[in-house]
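My entries follow the structure.

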Amino acid sequence: MPLDKNPWVYPFNTRDMDEMVKISIDASDDVRQKLAKHLDVDAVDEVKADFVLSQPKGNHAVKVEGRITAKVKQTCVVTLEPLRVVIDEEMESYYADYSQATPFSKAKKNLYSKYGMDEIPIMEEDEEPESMRDGKIDLGELAMQYLSLAIDPYPHKEGLSEEEKVSTAGKTEEETYKNPFEALRDLQKTTK
């Protein structure tokens, strides 16, 4: 996946929210084109993300739950036929403003250091919240992350045998065919 900037940006200021807020975002045509390029797919026809953000009073962490739905066009890695892929994924993430609260792993490390136990290896917490910037969460970036995880990097059309799937999965065109004319010959056979 290209490492260019995230094409879908939707900052939300958590300082303006009550204990819970619901937000829905859609990507514009321009953003969908940029997403397709960024995600290395043929096209992103539709994409929508629905979020529920919650932050109980006195809590410095914001829980973000939601669902992303999308319709994506890809190319089958075996037959080179166009595929339409429907994505429907749940999302969950936590965010905290570290200017107001210390991450658990940092507090634990400081405590061990204070008592001379800094040689004890400290594992990172799985549920460590992501960092907010000035109380803002980029919901577009979060949606794009979940969308990228839901896209199959080696899509196959339905009905292919396991041998057909395995024969080209993860191989480049150079590894799959000895020369470009073999690829054309195989393509010609499938269109007849």
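I looked up D30 and found it partly exposed, with a relative accessible area of 42% (buried means under 20%, exposed over 50% and partly exposed in between, with a 1.4 Å probe and protein chains only). D30 forms a salt bridge with K34, the closest N and O atoms being 3.3 Å apart, where a salt bridge is a side-chain nitrogen of Lys or Arg within 4 Å of a carboxyl oxygen of Asp or Glu. K34 is also partly exposed, at 44%, and both residues lie in helix α1, four residues apart, about one turn of the helix. Helices (H or I, at least four residues) and strands (E, at least two) are DSSP runs, numbered from the N terminus.

I note that the model is predicted, that local features need pLDDT of at least 70 and side-chain atom pairs pLDDT 80 or more, while totals for chains, interfaces and linings use all residues. Residues are numbered from 1 along each chain as its sequence is written, and side-chain values use heavy atoms, leaving out hydrogens and water.

Next I turned to E46 and K71, which form a salt bridge at 3.7 Å, N to O. E46 lies in strand β3 and K71 in strand β4, so the pair ties together parts that are 25 residues apart in sequence.

I recorded a network of salt bridges linking D45, K73 and R84, and a count of 11 salt bridges by this rule.
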